[in-house]
Amino acid sequence: MSAPAGQSETIVILDFGSQYAQLIARRVRDSGVYSVLAHPDVTAGELRRLNPKGLIFTGGPASVYEQDAPKCRDELLDMGIPILGICYGMQIACRILGVDVRSTTSREFGRASMKILQPNGLLKNVPKDTTVWMSHGDQIQALNDDFEPLAATPTCPIAAVRHKKRPFYGVQFHPEVTHTPHGNEVFDNFLYEICGCSGLWKMGSFIESVVQDVQDKVGDEERVICGLSGGVDSSVLAAMLHKALGERLTCIFVDNGLLRMNEVGLVEQTFRGHFKIGLVTVHAEKDFLDALRGITDPQDKRRVIGHTFIEKFKEAAAGIPNAHYLAQGTLYPDVIESGHSLAGQAANIKLHHNVGGLPAELGFELIEPLRDLFKDEVRRAGELLGLPEKIVWRHPFPGPGLAVRCLGEVTRARLDILRQADVILMDEIAANNLYRKTAQTFAVLLPIRSVGVMGDGRTYENVVAIRSVDSSDFMTADWSRIPYDVLAKISNRIINEVRGVNRIVYDISSKPPATIEWE
Ligand code: XMP
């Protein structure tokens with residue numbers, strides 16, 4: 001681990017297996033301070049090389065008194081660097097500093113009312129009576145004389161603490177989630193008041209540091225290959241790499257036959273025409289559709305598409321000389337939802353074919369500069385890089401493409417129906433000014449047929465579902481409240497204009513418990 005290029009102020013976040021580790025990193029970056037995640041076992045020596053202004057210890061699923069619970073080294077508390085412990089992170093540090101932590105009968109999950117006892121320092125500007133988000137079964141029993149309590153809830157008398165002799169602060173609640181309305185104040189107080197940060201970090205410095213890192217890593221004679229999908233992530237990645245490498249970047253775009261209407265043309269025109277980036281298009285529709293024949297299980301579809309993609313990609317990559325590196329636009333939600341988080345605790349929800357596996361099979365070293373970012377941060381980077389609005393604000397499109405929106409068997413005929421329905425849907429969404437207001441909108445072809453009546457005759461045809469969600473990070477989402485009149489027009493047009501469809505339904509499920517895609 002080394003200090004990131006160009007970052008003068010860094011906060012290091014020790015991840016004890018929290019679901020929210022990246023949200024914390026994100027909150028810190030939003031406050032203008034660069035942040036990186038580290039393993040809880042990091043040594044004081046390794047940390048010194050990063051020269052951090054402060055440390056944050058995250059929450060985690062374990063109990064501090066369990067045998068195999070993740071621990072940090074005691075020496076970190078002697079470094080003189082300010083530390084903020086959150087939930088488990090507070091408990092582990094307090095335990096090292098001689099405080100007893102035990103399981104409690106009055107566990108707290110969800111919203112809690114909290115009273116501020118010390119309205120300065122860490123809790124400055126937080127209203128005296130406030131709401132916080134709690135999620136704990138253990139808590140501190142009693143403090144020793146070295147500590148001062150800063151806040152309390154009815155069942156957790158020690159909801160925030162300060163050490164009197166060391167720069168250590170702890171909160172039992174979760175300031176990083178939006179359900180803690182004054183969480184930002186807690187982070188700002190820690191970063192500016194306690195750590196003395198100036199808050200000058202911007203996305204622009206992140207881009208500069210990626211450019212610098214890539215230039216340092218890639219030799220003058222070497223080329224980097226970038227898998228381009230036309231989506232915002234790989235587009236931002238390609239623009240960033242182009243800035244670092246110029247002609248030494250080659251993009252490979254696999255037309256898998258599972259793309260939306262006119263997508264190949266748009267990608268070629270944008271990257272080859274506008275950006276003058278070296279682009280190889282692999283026309284592989286037949287290979288993918290042949291491989292998918294007869295397959296209906298969602299995970300099997302993803303697997304087959306993943307394998308075929310690797311095969312086709314490998315063939316194209318073999319023709320590019322001196323290419324040792326492969327760049328991918330993997331984002332943080334892809335990493336965590338594929339069960340590849342730092343602590344390896346997250347459940348594997350879907351097999352994202354762009355996470356893990358690829359580099360080993362292809363024999364390349366991997367470059368994934370967007371791996372710690374959320375979608376809206378990537379969009380900010382895209383704007384700074386001068387990408388056109390049409391690309392920066394494009395709704396996300398999954399790697400396996402329309403295959404996961406064509407439920408049941410994927411055939412050319414069914415894909416054509418789906419593509420036509422999708423074009424009409426997006427046309428109406430744009431015409432009604434809803435494209436930027438919704439995070440992701442698309443059509444799904446269901447694997448059932450329904451009875452209808454057209455003219456005087458009976459029909460027995462396909463059902464199309466409309467999915468539209470509001471979300472900022474795609475980890476959670478709510479269904480969009482599209483006006484009824486717009487839904488009516490969409491339904492009417494699809495049924496009238498697309499042969500083989502006689503019914504439209506609107507998906508009103510949130511994530512969780514549903515996911516955004518249907519497969
Ligand atoms: P879910 O359906 O898991 O989707 O709620 C969350 C976001 O990820 C996109 N998605 C994928 N993106 N490869 C990708 O690059 C995939 O395999 C994949 N599956 C889902 C989805 O469109 C949504 O934006």
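Among contacts in the chain between residues at least 6 apart in sequence, what percentage join residues at least 24 apart? The share is 75%, where a contact means heavy atoms within 4.5 Å.

Before we go further, a word on the source: this is a predicted model, in which local features need pLDDT of at least 70 and side-chain atom pairs count only at pLDDT 80 or more, while totals for chains, interfaces and linings use all residues. Residues are numbered from 1 along each chain as its sequence is written, and side-chain values use heavy atoms, with hydrogens and water left out.

**The whole chain**

The chain holds 15 helices and 18 strands; these are DSSP runs numbered from the N terminus, helices being H or I of at least four residues and strands E of at least two. Its C-alpha atoms fill a box of roughly 85 × 60 × 40 Å along the principal axes. Of the 519 residues, 56% are buried, meaning under 20% relative accessible area with a 1.4 Å probe, protein chains only.

An automatic or database domain assignment gives the bounds below.

| Domain | Residues |
|---|---|
| domain 1 | 10-194 |
| domain 2 | 203-392 |
| domain 3 | 411-506 |

The C-alpha centres of domain 1 and domain 2 are 36 Å apart.

**The nine-stranded sheet**

Nine strands make an open sheet of mixed pairing, ordered S2-S1-S3-S4-S9-S8-S7-S5-S6; two strands pair if DSSP finds at least two bridges between them. At the edges are S2 (34-38) and S6 (129-140), each pairing on one side only. On average, neighbouring strands are turned by 20° against each other, direction ignored. S5 (residues 101-116) pairs with S6 in the antiparallel sense over eleven bridges, and Arg102 has Gln139 of S6 as its bridge partner.

Helix H4 (residues 183-194) lies across S1 (10-14), S3 (54-57), S4 (83-86) and S9 (168-171), running at about 165° to S4. Axes here are lines fitted to C-alpha atoms, for helices over the stretch in contact, and angles run from 0 to 180 degrees between N-to-C directions.

**A look at Thr270**

Thr270 sits in helix H7 (residues 263-274). Is Thr270 buried or exposed? Thr270 is buried, with a relative accessible area of 8%. Its side chain reaches the backbone oxygen of Leu266 at 2.7 Å. Leaving aside residues up to four places away in sequence, Thr270 touches Phe275 and Ile391.

Notes
Buried < 20%, exposed > 50% of the residue type's maximum accessible area, 1.4 Å probe, protein only. Polar contact = N/O pair within 3.5 Å; in protein donor to acceptor, adjacent residues only side chain to side chain.
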